[in-house]
Amino acid sequence: MERAAKKDAVEELNGLFKATSVAVVAHYSGLTVAQMQKLRMQMKQAGASVKVSKNRLAKIALEGTDVVAIGSLLKGPTVIATSNDPVAAPKVAIEFAKTNDQFVILGGSMGKTVLNVDGVKALAALPSLDELRGKIVGLLVAPATKIAQLSTAPAAKLARVIQAYASKSEAA
């Protein structure tokens, strides 16, 4: 790799690390090309990305970013998964690790907070932003639905009482 290409790679990685809210580091030794493509596709569908880079260049690119703490995890053949959604990358990484023994999660970082493997698993267990938004909308809509039901209930009861009196008078 030429010096200019290395500089471009470091700048690209630095921009990625500055823009991300979470980064997950994992060993990928032993994965086939098809498995790596499947991982990349799953990450892309979840709104995350996967980068394989020289560890030395990645450590240089980490300087001055919030996720600088993952530098100590960059040993051996590592892959870095990043996403703006704090749940997307960890969730896909954990699911992928369940089906692929060669994919070993080492840890990660959420902002300036360093995460061990258990921390990454805990993040993956949280609901995604879209799920949380759906729950909030459901909570906001529920009172309006109940009010609508309550406002129509008295009218329905009154109509049944009038119908009962009308039926009674017809029978007499």
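1. Leaving aside residues up to four places away in sequence, Val-68 touches Leu-62 and Glu-63, and these contacts should be read with the reminder that this is a predicted model. Val-68 is found in the loop between α3 (55-62) and β3, and because its relative accessible area is 38%, it counts as partly exposed. The C-alpha atom of Val-68 is separated by 9.8 Å from that of Thr-113, a residue 45 places away along the chain.

2. Asn-14 lies in helix α1 (residues 3-19). Is this polar residue, Asn-14, buried or exposed? With a relative accessible area of 16%, Asn-14 is buried, since the cut-off for that class is under 20%.

3. Asn-14 is one of the buried residues of α1, the others being Ala-9, Val-10, Leu-13 and Phe-17. Seen down the axis of α1, these buried residues fall within an arc of 135 degrees, so they line one face of the helix. The face turned away from this buried side carries Lys-7, Lys-18 and Ala-19, which are exposed, while the cover over the buried residues of α1 includes β2, α3 and β3.

4. How many salt bridges does the structure hold? There are 2, and one of them joins Lys-51 to Glu-12, with the closest N and O atoms 2.7 Å apart. Lys-51 lies in strand β2 and Glu-12 in helix α1, so this pair ties together parts that are 39 residues apart in sequence. Both partners count as partly exposed, Lys-51 with a relative accessible area of 27% and Glu-12 at 48% relative accessibility.

5. Another salt bridge is formed by Lys-98 with Glu-95, where the closest N and O atoms are 3.3 Å apart. Here both residues lie in helix α4, 3 residues apart, which is about one turn of the helix. An α-helix has 3.6 residues a turn, so residues three or four places apart point the same way. Lys-98 counts as exposed at 59% relative accessibility, whereas Glu-95, at 45%, counts as partly exposed.

6. Helix α2 (residues 33-46) has 14 residues and reaches 20 Å from its first C-alpha to its last, close to the 20 Å expected at 1.5 Å a residue. Which residues of α2 are buried? They are Met-36, Leu-39 and Met-43, and because they cover an arc of only 55 degrees around the axis, they sit on the same side of α2. On the other side of α2, the exposed residues are Val-33, Ala-34, Gln-37, Lys-44 and Gln-45. The buried residues of α2 are covered by elements including β2 (48-52), β3 (78-83) and α4 (88-99). Just after α2, Gly-47 takes a positive phi of about 90 degrees.

7. In helix α5 (residues 117-125), the buried residues are Gly-119, Val-120, Leu-123 and Ala-124. They cover an arc of only 140 degrees around the axis, which puts them on the same side of α5. These buried residues pack against β1 (22-27), α4, β4 (104-110) and β5 (113-115). Asp-118 and Ala-125, by contrast, are exposed on the other side of α5.

8. A last point concerns the surface, where Ile-136, Val-137, Leu-140 and Val-141 form a nonpolar patch with about 390 Å² of accessible area together. Val-141, one of the four, has its place in helix α6 (residues 129-171). With a relative accessible area of 46%, Val-141 is partly exposed, and it therefore meets the requirement for patch residues of over 30% relative accessible area.

Definitions and conventions: Residues numbered from 1 in each chain as written. Predicted model: local features only at pLDDT ≥ 70, side-chain atom pairs only at ≥ 80, totals over all residues. Heavy atoms only, no water. Patch = residues over 30% accessible without salt bridge, like charges linked within 9 Å, V, L, I, M, F, W, Y side chains within 5 Å. Areas by Shrake-Rupley, 256 points an atom, 1.4 Å probe, with all protein chains shown as cover. Salt bridge = Lys/Arg side-chain N within 4 Å of Asp/Glu carboxyl O. Helix = DSSP H or I, 4+ residues; strand = E, 2+ residues; numbered from the N terminus. Buried < 20%, exposed > 50% of the residue type's maximum accessible area, 1.4 Å probe, protein only. Expected span 1.5 Å × (residues − 1). Arc of directions from axis to C-beta. Contact = heavy atoms within 4.5 Å.
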